[in-house]
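The following exercises are to be worked with the sequence and the coordinates at hand. Each task is followed by a stepwise solution.

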Amino acid sequence: IITTHTEPLVRTTEVNDLGIAEKLGSGSSSYAGSPKNRRRNIQNAVEKLHGILLAPGEEFSTIEHTQPYTVEGGYLPELVIKGDELKPEIGGGLCQIGTTLFRMAMMSGLDITERRNHSLVVGYYNDRSNGLPGTDATIYEPRPDFKFKNDTTHHILIQTYNDTKKQELIFTIWGTHDGRTATYSPPVVERWIPYGETRIVETTKLAPGEKECQHAFRGADAHFTYTRTLLDQETEERLFESHYRPLPEICLLGIDPEEEIVEERDLSDAFG
């Protein structure tokens, strides 16, 4: 029998020496219905994040700890939002990670130093309390990033768990309680923004008459409040506001390349 000996990322003795003894808080999100490559990218990032230690005063960067976004780095092509299109890129789907980390950091009462919402309302990131958008965090190298700071006086430990059967992420921070408490309110949508009429884009990349459509996204303005009470009993309230732009259904319609050439020639002639 061939065996291999693998050293743990974090030893129990090391954790105990650093005062990591109790759960500070956890955050979760659901990625149910995700395609195969998206699930693989999520799992790859989960493995990269599990066992990270942050010293007092240290800032955590999601991009720093989940890169490189390459095939060699363990990622596959998956859809990302690029302008008015959803395009496959290596590492697509990692905003599921940013969103879960955001909720974890808030429920642990930590200082959020950088966060940006997605440009579109994506169902994967809706809050689990009421199914509304507003508590998500997007990442895309080199920016935007999601960051938080360990503003406790002890080390903290990040543990990540991926329930592949339920397709659910649960991220937890462990450390030493200093008496702080934290919570965030369920998001509120102030208004929904209609996505408008379907947009037709002619292309020679499809056969003449063939049509491919990208579904519409309605926009929204949403907000929620992050509240934490620190050791000195000072209460901080931070309002997070998010604007999600509407995007109409966009359909690519295949046309005859020869017709396009004639049209371009005629247009050129008309303008000299």
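**Exercise 1: Helix α2**

Task: Characterise helix α2 by its length, its burial and its end.

Solution. Step 1: helix α2, residues 36–49, comprises 14 residues and spans 20 Å from its first C-alpha to its last, close to the 20 Å expected at 1.5 Å a residue. The expected span is 1.5 Å times one less than the number of residues. Helices (H or I, at least four residues) and strands (E, at least two) are DSSP runs, numbered from the N terminus. The model is predicted: local features need pLDDT of at least 70, side-chain atom pairs count only at pLDDT 80 or more, and totals for chains, interfaces and linings use all residues. Residues are numbered from 1 along each chain as its sequence is written, and side-chain values use heavy atoms, with hydrogens and water left out.

Step 1: the buried residues of α2 are R38, N41, I42, N44, A45, V46 and L49. Buried means under 20% relative accessible area, exposed over 50% and partly exposed in between, with a 1.4 Å probe and protein chains only.

Step 2: just after α2, G51 adopts a positive phi of about 90°.

**Exercise 2: Helix α4 and its packing against α2**

Task: Describe helix α4, then determine how α2 and α4 are oriented and which residues form their contact.

Solution. Step 1: α4 has 13 residues and reaches 18 Å from first to last C-alpha, close to the 18 Å expected at 1.5 Å a residue. Twelve of these 13 residues are buried, so α4 is largely enclosed by the rest of the structure. Just after α4, G109 has a positive phi of about 75°.

Step 1: one of the residues in helix α4 is T100, which counts as buried because its relative accessibility is 0%. Leaving out residues up to four places away in sequence, T100 touches G27, S28, S29, L169 and F171. Contact means heavy atoms within 4.5 Å.

Step 2: the axes of α2 and α4 (residues 95–107) come within 9 Å and cross at roughly 45°. Axes are lines fitted to C-alpha atoms, for helices over the stretch in contact, and angles run from 0 to 180 degrees between N-to-C directions. The two helices are therefore oblique to each other; angles under 35 degrees count as roughly parallel, over 145 as roughly antiparallel, 65 to 115 as roughly perpendicular and the rest as oblique.

Step 3: α2 contributes R38, I42, A45, V46 and L49 to the contact, and α4 contributes Q96, I97 and L101.

**Exercise 3: The surroundings of G134**

Task: Is G134 buried or exposed, and which residues does G134 contact?

Solution. Step 1: G134 belongs to the loop between β6 (111–114) and β7 (147–149). With a relative accessible area of 1%, G134 is buried.

Step 1: beyond its neighbours within four places in sequence, G134 contacts R115, P187, A222, F224, S242 and Y244.
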